[in-house]
Amino acid sequence: MAGGAAPGGSTASDTYARARHWLLMPSWAVLGVFVLAPVCVMVIYSFLTKEFRGGVIWDPTLAAYDQFFFDRGLFGDSDPKLQWTYITIFWRSIWQAGLATILSLLIGFPTAYYIATRPAKTRALWVFLITIPYWVNLLIRTVSMKFLLRDEGPLNDFLLNIGLITEPLQIINTNLAVQLGLFYSYLPFMVLPIYAAVERYNFSMSEAAADLYATKWTTLRRIVLPAVRPGVIAGCILVFVPSLGAFLAPDLLGGAKNFMIGSLIEEQFKGNAGNWPFGAAASMILLSMVLILLMIFAHQQRRAEASA
Amino acid sequence: MSAKTDVRTYTGFRFMTILCLVVLYAPLIVVTVYSFNASRSLTVWEGLSLRWYAEVFVGPESAKFKQAALNSFSIALIAATLATAIATAAATAIVRGGKFRLRTPSLGLITLPIMVPEIVLAVATLIFFNSVGFTRGYMTILVAHIAFCIPFAYLPIQARMQGIEDTYEHAAMDLYATRAQAFRRILLPLMMPGIISGFLLAFIVSLDDFIITNFVKGAGVETLPTAIFGSVKQGLKPNIMAISTMLLGFSIVMVTLSYFASKRNNTQ
């Protein structure tokens, strides 16, 4: 998915140079009209006044952003105080996405490393096994997770039966359930870039470290990890970014108490809140956070490439 | 080489890999097993039965799910086909079109739908359709799907085309083939594996989509994910397990086929 980083290949070929504008026309038209223009309209909407029942009035205002950050009392004339409701939701989303990313890294790194050190013949099969679940519908995976984790679900049944617990664990509708759901949704995105990095890693460096009396874990920390860092960062970004704006896992596994950005935005359009400018403003704030992250990431990757 | 002296292996990494696979597959296996449960309850196992599968096809909700499946598969087929055609043209221009000023902005535009969080794209598309006065329904879902499928079709196609040297096309043109002939008879067949994986990826992504569809669909038009979501919101029911298992099986068959197709291609 990190396709934006590769600028379309290094082998300069101009066989079809004369037709290039015609060839690009359909993608410009479709993406320009149905992706770029909508994002621009959304930016405008976030500065408009809300109409009851979902519409907008063409009256420019900062009200949506103001509502996000400040509380001006019931009638809007009190002194502005910081409004924590929405900041808390964003903060919780960052925290949840962060924990899901760490969980993915803790399980994903050893997995990627193990797969990359298998004989070349079986590697493709391992990668295939890891990627199959990604191809299964995300909604179905999330529903399956809900089914498994339920209070009377198979996981609790199993744990009760082997006597590990005496009463069912309440996992569903907790933060942990959301983290597990996010982790489950995006784990392959963590494994694949790390796998690619470890596969390119030159193991004679590990041998050299061992010859110089480094222990294996020191070698891992001081030699392997720095060498595969771009892969690790790519994996973390690929898990963190979709987790941040995720809707299904928090909605189906988290319940009302574990509201995240995705549900907040959805409620403005599909739910009862019906405040389109506010939903647009919240989307803008999410989009800005993601773009800043991606820019830092692109910068990091360029630096890694330059030093390599 | 024993594990102790081998610098490559670490104790515990194999265990983590197995744990990883267990976590990835356990929910899917559990749902598959329970979809064959005879009991109405989700908890008690009462023996094997296909009654929930029968319920999906002839039960009270069967008309709704049939329509939703028809919508899902027709949208995925049309969207993936058009997105693949658009992406193939764009990749030809970007990989084989020389250096030009609009190259980087074009590439940015093509990858935009996967840079923007899905929920933000959903909001933007809904607001856009609403402000230009499109009635939400089948067509709005289709158009939105074509747009966000383009990058998923594009990336495998670009990757494949970068791996093909342009000497073959030049050889053909030296032998008096026109550019169009060189493209159609030389480049296109060589690119087929990339085009097929691009199409499959776009197809799956379209079939998979919930958030954008949920925003841009009109009242009464459902795809499988939105219909399933609506059902799940009212409580987990065994017939949902059966539908999920069928979709799961479909995805796994498709990805397995594409795996063996690419394997055969690499060995040739």
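This is a predicted model: local features need pLDDT of at least 70, side-chain atom pairs count only at pLDDT 80 or more; totals for chains, interfaces and linings use all residues.
User: Which residues touch the most other members of the largest nonpolar core?

Analyst: In general, nonpolar side chains tend to be buried together in soluble globular proteins. Here the largest nonpolar core holds 191 residues, and those touching the most other members are Met42(A), Tyr113(A), Leu286(A), Ile127(B) and Phe215(B). Take Met42(A): beyond its neighbours within four places in sequence, its contacts include Ala280(A), Met284(A) and Leu287(A), and, from chain B, Val120(B), Val123(B), Ala124(B) and Ile127(B).

User: Is Gln96(A) buried or exposed?

Analyst: A residue counts as buried under 20% relative accessible area. Gln96(A) has 0%, so it is buried. Gln96(A) is placed in helix 3 of chain A, residues 84–116. Apart from neighbours within four places in sequence, Gln96(A) is in contact with Asn175(A), Val178(A), Gln179(A), Leu182(A) and Met260(A).

User: How many residues does each chain bring to the contact between chain A and chain B?

Analyst: Chain A supplies 97 residues and chain B 103. The two chains bury about 9400 Å² between them, 75% of it on carbon and sulfur atoms. One salt bridge is counted between chain A and chain B: Lys233(B) meets Asp251(A) at 2.7 Å, N to O.

User: How many salt bridges are there over all chains?

Analyst: The whole structure has seven. A salt bridge needs N and O within 4 Å, so the 4.0 Å pair of Glu61(B) and Lys237(B) is included. Glu61(B) lies in the loop between helix 2 and helix 3 of chain B, and Lys237(B) in the loop between helix 10 and helix 11, so this pair ties together parts 176 residues apart in sequence. Glu61(B) also forms a salt bridge with Lys64(B), at 3.7 Å.

User: Which pair ties together parts that are 73 residues apart in sequence?

Analyst: Arg96(B) and Glu169(B), whose side chains meet at 2.8 Å, N to O. Arg96(B) lies in helix 3 of chain B and Glu169(B) in helix 7 of chain B, so the pair links parts 73 residues apart in sequence. Both Arg96(B) and Glu169(B) are buried. Elsewhere, shared partners join Glu61(B), Lys64(B) and Lys237(B) into one network.

How values were computed. Residues are numbered from 1 along each chain as its sequence is written. Chains are lettered from A and ligands numbered from 1 in the order in which they are written. Side-chain values use heavy atoms; hydrogens and water are left out. A nonpolar core is a set of buried Ala, Val, Leu, Ile, Met, Phe, Trp, Tyr and Cys residues joined through side-chain atoms within 4.5 Å. Buried means under 20% relative accessible area, exposed over 50%, partly exposed in between (1.4 Å probe, protein chains only). Contact means heavy atoms within 4.5 Å. Helices (H or I, at least four residues) and strands (E, at least two) are DSSP runs, numbered from the N terminus. Buried area is the accessible area (1.4 Å probe) that two parts lose on being put together, summed over both.
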